[in-house]
Amino acid sequence: MDIWDLTVRFFSMTDANVRYVVAGSVLLGGIAGAFGTFAFLQRRSLIGDAIAHATLPGVGFAFLILGRKELHWLLLGAAISGWAGALAIDAITRHSRLKLDAALGIVLSAFFGLGIVILTYIQKTGAGAQSGLDKFLFGQAAAIGRQDVIVLAVIGAIMVTVLLSLFAKLKIMTFDAGFAASAGLNTGLLQFVLTTMLVVTVTVGLQAVGVVLMAAILIIPAAAARQWTDNLKIMLVLSALFGMISGVTGAYISFLKPHFPTGPWIVVSASLIFIFSIMFATKRGIVVRLVRQLKNRRKMTEDHVLKVLFKAGMDSRNWRALYPPLHISQLWSFGAAELKRGLKRLVSRGELEKEGGMYRLTENGVSSGARVTRLHRLWEVYLERHLELPPDHLHRDAEEMEHIITPEVEKRLEEMLGHPVLDPHHQEIPYFDKAKS
Amino acid sequence: MTDNRNNAAPIEVHDLTVAYRKKPVLWDIDFSLPEGQLIGMVGPNGAGKSTLIKAIMGLLPLSSGFIKIYGKPLEIQRELVGYVPQRESVDWDFPTDALDVVTMGRYGKLSLFGRPSKEDKEIAMDALEKVGLADFAKRQISQLSGGQQQRVFLARALAQDAVIYLMDEPFAGVDAATEKAIIELLGELKNKGKTLLVVHHDLNTVAEYFDWVMLLNLRLIKLGPVQEIFNNENLRTTYGGKLNLLSEMAEKIGKMP
């Protein structure tokens, strides 16, 4: 079958096995994404990574005891040894002088080493050869069956119920554990719930993501979600959604190429979502910031054109004279292209008129030019009076402020300074445009 | 609430010793605070000021001694005590807004599965208004200035509606105007009969701000009305070298196998 046929088969989900794989990876990705958020905000993501590695011996022991591969028993074993790892980290940091990073390194590598030893032993025995336990290292979503989906759905439902009923408490615990304890909240219990959530999250993620890359699915969807919102609830939902998308993508690719492990593909697609979020997120995104910077630069050019034309007409009180672009560019050190685009924008906004290749201010343009000039000079007065700066130190600061002072600040400045008529350089501060409006 | 308050002192600390990895950071602390006073706590860095606050709030294991709130153990009196931790103790990039943080002041009164009610939100909004941040209720907390963040913490304590307040450096990193606003607020609380214990760093303003002062350096040096005990001699004892032996011994105990 070619890729197209496989794709159709995967997304039409007519095949029951495909349905289980998709449902399983959606559940896994969603749970990991949502609950990874708490670890992310508590800065415990790497503890999650250590716990994930610590689950491996549990998987091996469970298989040894059981003698066959049944997912829920293996996951139970994983959860128990994951919890043991979490307790070991806690014990090391509490009772020795070792710091958290050392404790994480020790627990992660010691448990993982032990796990590999057990898995290798199992592989050598007859029954273990086909056990597929090595799939737990990098994940294999294709192995998810009906039974597994049911187990995952039950676990997911329990976790969501706990989350909904304890949301407010878990939030304060994550934000300010000291205050939560001081207010009489049972912080021991809440921390137990959070750690259990972390253990369960990495345990259910094992089959799809695998032990080795678990940290990624705990951190990356949450970090991506954080770029889009300042609201914890929305962040949880987004992070779950990103986890689901990554899970399905991983499952899809390993469906196309069955010998590929799923985990790395889940992580790669989560990373793509993360990169997209960092670039394009509405508030924090890099692209948004660049656009804002560009807008600022444009506004500054426009303000400067209006200001120089206004000042040029100040002496004769005639603001409607026509100026050729060359003349304007000499009034201020504009770049040629920058000025050309700026003039075009000002014409289309109705602040300038174009006549025979020359430009002049419209009435709106005169008002705007007067305002920029006024803000500049008011700020100079403010600096001189309140910061007691000498007159030759004022211009540069005012040059920046004239673009960002809001009408509210303008009003406060005028009132505070008592509507001054002259700036520190004895130039007139124009107010006439205000009388008109 | 009145039945909980009897005639006992708001806070009684008896023979308290707190150790960190066996190294004592507070020795044999013993005092009772008077009711309805604004009490400043001063002492050099590492004197154990925050530790004492946390110990009273039950956030640290005690090596010895006990603490009573109006004559009863803290566990049954928690609702009477409000707490303002150091501003740096939390991550202000947490995804939430000012009103939400202040509402957390109400959580101590909720059951395990309870959620803040509409009334809780109103109380929180009132508290924000009292600290002059009503317009910032929906502002993401990372976008608040240091002084505003400090006031959010104060508002959260106000929302707790306590009778005793323990505050860990509420003036740290705030500008002069905010400091003035905060001290006025503390004065109002005092006038309502509340007892306030406030960690403070600026010795110049102790006499102006506080009724009583607690001088602390590993042990309690002095506690009393500012005009009686806030003098050079006691400050020398608090900040000076006389305690070297005590600190040395503390180091030694900490290093014992």
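Student: Which backbone nitrogen does the side chain of B:Gln160 reach?
Tutor: The one of B:Tyr83, at 3.0 Å. Mind that this is a predicted model: local features need pLDDT of at least 70, side-chain atom pairs count only at pLDDT 80 or more, and totals for chains, interfaces and linings use all residues. Residues are numbered from 1 along each chain as written, chains are lettered from A and ligands numbered from 1 in the order written, and side-chain values use heavy atoms, without hydrogens and water.

Student: Where is B:Gln160 found?
Tutor: In chain B, in the loop between α6 and β7 (164-167). Helices (H or I, at least four residues) and strands (E, at least two) are DSSP runs, numbered from the N terminus.

Student: Is B:Gln160 buried or exposed?
Tutor: B:Gln160 counts as buried, because its relative accessibility is 5%. Buried means under 20% relative accessible area, exposed over 50%, partly exposed in between (1.4 Å probe, protein chains only).

Student: What is B:Gln160 in contact with, beyond four places in sequence?
Tutor: Residues of both chains, including A:Phe179, A:Ala183, B:Glu79 and B:Lys109. Contact means heavy atoms within 4.5 Å.

Student: New topic. How many residues does each chain bring to the contact?
Tutor: Chain B brings 32 and chain A 30. The buried area is about 2700 Å², with 60% from carbon and sulfur atoms. That is accessible area (1.4 Å probe) that two parts lose on being put together, summed over both.

Student: Which residues of chain B lose the most area to chain A?
Tutor: B:Arg21, B:Phe94 and B:Pro95, together 24% of what that side buries.

Student: And how many salt bridges across the interface?
Tutor: Four. B:Arg156 and A:Asp176 meet in a salt bridge, N to O at 2.8 Å. The rule wants a side-chain nitrogen of Lys or Arg within 4 Å of a carboxyl oxygen of Asp or Glu.

Student: Which helices of chain B supply at least two residues to that side?
Tutor: α4 (98-103) and α6 (146-159) each do.

Student: Now the largest nonpolar core. Which residues touch the most other members?
Tutor: B:Phe31, B:Leu52, B:Ile56, B:Ile69 and B:Leu186, out of 168 residues. Helix α12 (residues 232-256) of chain A gives the most to this core, with 12 residues. A nonpolar core is a set of buried Ala, Val, Leu, Ile, Met, Phe, Trp, Tyr and Cys residues joined through side-chain atoms within 4.5 Å.

Key:
Polar contact = N/O pair within 3.5 Å; in protein donor to acceptor, adjacent residues only side chain to side chain.
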